[in-house]
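I set out to record what I looked up in this structure. The entries below are kept in the order in which I made them.

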Amino acid sequence: MLRDVRFSLGGRNAGIAALLFVAGIAAAFGFSLLGLGAEASFLLFVLGVLIVSIETDSGVWGIILGVLYLLVYDYFFMVPHLALPILNRNDAITLVIFAIVALITGALANRMKQQVEIAEHNALVLRRLNKISAGLIDSTSAEDACACSASALTQILGREVGMYLGRPAEDAAALECFEQGYQTGAGMPEYPGCTVRYLPLSAKSHVYGVVAVDCSEGGLDASSRTFLDSVISQTVVAVERNELEEHARADELKIERERFKTTLLRSVSHDLRTPLAGIQGNAEFLAANADQVSPADRDALLSSMASDARWLAEMIDNLLGMTRVQDEDVPLDFQPEVVDDVIGDAVARVMPYRGEHEIAVEPPQDVETVPMDGKLIRQVLVNLIDNAIKHSAPNSRIRVSAERAGDDMVFRVADDDGGIAPDMLEKIFGRFVSEDAEPGRKGGIGLGLSICKAIVEAHDGSIVARNNREGGATFEFTLPMHRAEEEGAHGGR
């Protein structure tokens, strides 16, 4: 291929020289017919030498064209005609002048071409670096930044380039590059036969990972290596920026968790005091006046104590559920659960406390199983049913249903009374947000629905609330019927 390129360049140069030679001789004949002297033709020949020296890749073509000009001019235009007095002193000086003009012009032209090529190359490199910089600025993680740079380098250098964060697991050359912070691999006597060059992805004394460059078809030239070093430097800056942003987000999350804990403790300490005071007061009254309390009053006091105890149990379950979902170190226990059984268990838990509410269950038409943490999803359903009981009239009807929709299972808890205030629809799943309960029902600390949302989203699902056209409200959440294989049957979020 290189030989073909050289042949092509040589043919182009010869063509330019031949064209200028014919044009120059034709012009010299024209000048002769017009009665112009030899000086005009000489200046025309100098112009031809200048042009051929600029347009070809060597000053030699200028010298060749000058010699041809001089020979033809001597043969046809100088006295005696049709002879070659080339060896006289004047012609020798003219030939030397042509040679000097050709060499100087060729050198200047080549230098100019080199400067133009360098400028074009620098402009191209700058455009590529700007494009890579734009991609790095848009990156949202250190891994994303490395993937962006590796993809761009692979395309620009025409060879496979990979950027890997962290300590390499297997390759000895990559491991040495990471630990020592210098180049290893292809081209190094310590690794004969290695076709990959490893460079450290580092800043100052800290190594973030390694850069692997395929050198199976040859090493990098100086220009490619300079470009590679520039991209590595930009990538390191992006990696450091993303790590700082991740640390900042982690700090913000930590602060938010601490703020949530403080608010939670303040709310819990206030709300737990009420049922505890009721249980304690009723228990002390019964203990002190057991003989004087009528059976009807005793039953009422015991019922009140049981209601307060249940309220405490619900709050404790919700608090434990929120803690478990927020704790990233505790994976959810995903198991295939039968939808009918999950709904039945949840309804059975609230049946003793439904009062005069009618609870209707509409399970899926077929037996369906969904991978879920059964305990947490039962808690979601219990919270939603209990919420419907609290915020609807005593004789209202609550419908608990589930149906398959494509690859999702859709659960619904709907009532036919009241509904949700329009200003509450957007914030009803927020923490510590609670609507006023029906008279005779105890309110909560506003965590039930926010816990439902956290649990459903931890299952890669979604939950919404809406008012029914015929009255009442519906809470609907979806769970995927299948989970990714890599998460396995247990654990994972």
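I note at the outset that the model is predicted.

**Entry 1: helix α6**

I looked up helix α6, which spans residues 172–180, and listed its buried residues as A173, A174, C177 and F178. Viewed down the axis of α6, these buried residues fall within an arc of 135°, so they line one face of the helix. I recalled that an α-helix has 3.6 residues a turn, so residues three or four places apart point the same way. I then asked which strands the buried residues of α6 pack against. They pack against β2 (184–185), β3 (196–203) and β4 (206–214).

I also examined both ends of α6. After α6 comes G181, whose phi is positive, near 80°.

**Entry 2: S396**

I located S396 in the loop between α10 (374–390) and β8 (397–405). Is S396 buried or exposed? I found S396 buried, with a relative accessible area of 3%, which is under the 20% cut-off for that term. Its side chain reaches the backbone oxygen of A393 at 2.8 Å. Beyond neighbours within four places in sequence, S396 is in contact with H357, E358, D416 and D417.

**Entry 3: α10 and α11**

I turned to the packing of α10 with helix α11 (residues 448–458), where the angle is about 150° and the axes lie 9 Å apart. The crossing of these two helices is left-handed. Among the residues making the contact are L376, V380 and L384 of α10 and L449, C452 and I455 of α11. I noted that the contact residues divide into nine nonpolar, four polar and no charged.

Methods: Residues are numbered from 1 along each chain as its sequence is written. This is a predicted model: local features need pLDDT of at least 70, side-chain atom pairs count only at pLDDT 80 or more; totals for chains, interfaces and linings use all residues. Side-chain values use heavy atoms; hydrogens and water are left out. Buried means under 20% relative accessible area, exposed over 50%, partly exposed in between (1.4 Å probe, protein chains only). Helices (H or I, at least four residues) and strands (E, at least two) are DSSP runs, numbered from the N terminus. The arc is that of the directions from the helix axis to the C-beta atoms. Contact means heavy atoms within 4.5 Å. A polar contact is a pair of N or O atoms within 3.5 Å; within protein, one must be able to donate a hydrogen and the other to accept it, and residues adjacent in sequence count only if both atoms are side-chain atoms. Axes are lines fitted to C-alpha atoms, for helices over the stretch in contact, and angles run from 0 to 180 degrees between N-to-C directions. A crossing is left-handed if the near helix is turned anticlockwise from the far one by less than a right angle, and right-handed if clockwise. Ala, Val, Leu, Ile, Met, Phe, Trp, Tyr, Cys and Pro count as nonpolar, Asp, Glu, Lys and Arg as charged, and the others, Gly among them, as polar.
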